[in-house]
There are 2 protein chains.
Amino acid sequence: MGAEDSRMPPGSAARSGTAGLRADALHNRNRILEVAGDLLAERGLDVPMAAIARHAGVGVATLYRRFPTRQALVREVFADRFAACASAVEDALAAPDPWTAFRTAVEQVCAVQAGDRGFNSAFVSAYFQEFGVGGELDRVMRGLTELTRRAKDAGRLRADFAAEDFTLLVMANSGISVQPSEAAQAASRRLVAYLLDAFRADRAGPADPLPPPAPLDLYDVLRPR
Amino acid sequence: MGAEDSRMPPGSAARSGTAGLRADALHNRNRILEVAGDLLAERGLDVPMAAIARHAGVGVATLYRRFPTRQALVREVFADRFAACASAVEDALAAPDPWTAFRTAVEQVCAVQAGDRGFNSAFVSAYFQEFGVGGELDRVMRGLTELTRRAKDAGRLRADFAAEDFTLLVMANSGISVQPSEAAQAASRRLVAYLLDAFRADRAGPADPLPPPAPLDLYDVLRPR
DNA sequence: GGATAAGTGGAGACCCCCATCCGTTTGCAG
DNA sequence: CTGCAAACGGATGGGGGTCTCCACTTATCC
């Protein structure tokens with residue numbers, strides 16, 4: 001409960017919990033994160049903790065000491081991917097053409113999602129409610145909302161596009177990405193292309209009217225159990 | 001192997017294994033199927049066998065005696081839903097307008113899928129490789145292929161629509177349907193509407209060219225593990 | 001170089017699920 | 001009514017996963 005560590009310069013810990021670790025401990029921690037990243041990508045979110053420990057060449061105790069819960073581990077592993085999504089969106093905000101910006105942002109987020117089974121599950125699971133990535137997720141969502149506004153103002157995005165449609169996109173894409181493979185990634189790209197095409201404003205003929213935007217909120221839809 | 005049962009009139013067993021059952025056994029069997037249907041829909045494919053037995057008011061032994069494997073149970077439970085998909089497609093084949101036929105077939109199949117978490121998983125999982133529902137599935141696929149041909153010939157379906165795009169649709173829809181709820185079903189309807197819109201041939205302007213159709217085969221993509 | 005606390009790995013307690021075995025009950029035919 | 005095979009359900013063994021405890025090792029500081 002005392003002071004964190006009065007000698008530690010603020011901001012020196014790139015990530016939580018790395019401060020004051022002994023050299024060997026830090027090495028193991030990194031090795032665990034590395035291995036866990038691979039295993040989660042390949043096998044999904046429910047890969048046994050023991051398997052991660054074994055592949056990392058450490059005992060389970062070491063794993064649990066460093067990451068008390070599975071969530072803590074997963075959060076740490078995917079923090080950078082969440083950040084990657086966020087900055088992809090923010091990069092897009094700098095692009096001149098509103099539609100291109102919208103399109104590339106969507107494409108990039110979906111590509112990240114399709115490439116990693118674990119991240120996909122993490123992204124689309126009740127987990128991320130307690131992930132502490134709310135900040136990143138909000139950055140992504142705020143960015144996408146702004147991109148949406150611009151694309152609509154420019155007349156390139158259909159007017160009845162709703163914020164919930166991002167959720168639609170993410171979850172549909174997650175269905176494609178259950179088993180990440182080259183084929184699945186290609187399929188994801190094709191799905192996204194189809195949907196972006198459907199989102200365009202400049203289509204001929206009266207499309208069949210859309211069903212009402214479902215009040216679809218990831219936080220609601222995926223509530224645990 | 002001996003004769004099945006020489007006294008049984010052929011075709012009298014609506015489903016496999018119901019012939020010659022004692023009255024109480026038959027009652028329990030039906031109760032199990034009923035309860036299993038509900039539980040699978042709600043909780044998904046991995047609901048514990050014990051839970052099914054308990055809800056049905058029978059012992060696990062009874063459950064296992066009637067359905068030796070989980071697959072046998074699931075197959076029996078969802079046989080009618082698979083059949084429903086098949087006949088929805090075949091009904092559509094009778095419709096006069098090719099596009100309407102295509103559209104309603106897709107909508108109905110996706111609606112069935114979105115309404116039942118267990119069926120959704122069953123539909124989109126390695127399971128159905130050994131389900132013995134290959135017949136039904138082939139009926140569905142053959143029907144959809146024919147509907148595709150007609151819709152293309154009529155100039156209503158875009159020429160670069162590929163057979164693999166059905167898989168795309170099913171898997172995307174499965175992502176929406178992880179947690180069946182009114183909201184999820186509405187979302188599914190909206191997704192399908194978007195995609196059908198994207199599949200239409202009569203769109204203005206050169207859409208961005210589609211990524212190549214991924215060689216996406218459910219049987220391949222969802223291979224166990 | 002030695003004291004010390006941080007770090008370690010593996011054994012094992014606990015829990016959940018699957019699937020089978022077996023003593024008891026019960027529908028049904030004669 | 002009676003006998004028996006069919007049916008029943010709970011106990012049980014086996015497997016796998018999570019997480020903790022503890023005796024041993026090792027980096028680090030003086």
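Trainee: How many residues surround DNA strand D, and which are the closest?

Mentor: Happy to go through it! A word on conventions: residues are numbered from 1 along each chain as its sequence is written, while chains are lettered from A and ligands numbered from 1 in the order in which they are written. This is a predicted model, where local features need pLDDT of at least 70, side-chain atom pairs count only at pLDDT 80 or more, and totals for chains, interfaces and linings use all residues; side-chain values use heavy atoms, with hydrogens and water left out.

DNA strand D is surrounded by 22 residues, the closest being Arg22(B), Asn28(B), Ala61(B), Thr62(B) and Arg65(B). A residue counts as near when one of its heavy atoms lies within 4 Å of the strand.

Now the polar contacts (pairs of N or O atoms within 3.5 Å). A side-chain N or O atom of Asn28(B) is 2.4 Å from a phosphate oxygen of DNA strand D. For Thr62(B), the distance from such a side-chain atom to a phosphate oxygen is 2.6 Å, and for Arg66(B) it is 3.2 Å. H1 and H3 of chain A, together with H1 and H3 of chain B, are the elements that give two or more residues to this surface. Helices here are DSSP runs (H or I) of at least four residues, numbered from the N terminus. H3(B) provides the largest share, five residues. By class, the surface near DNA strand D has eleven nonpolar, four polar and seven charged residues, with Asp, Glu, Lys and Arg counted as charged, Ala, Val, Leu, Ile, Met, Phe, Trp, Tyr, Cys and Pro as nonpolar, and the others, Gly among them, as polar.

How values were computed:
A polar contact is a pair of N or O atoms within 3.5 Å; within protein, one must be able to donate a hydrogen and the other to accept it, and residues adjacent in sequence count only if both atoms are side-chain atoms.
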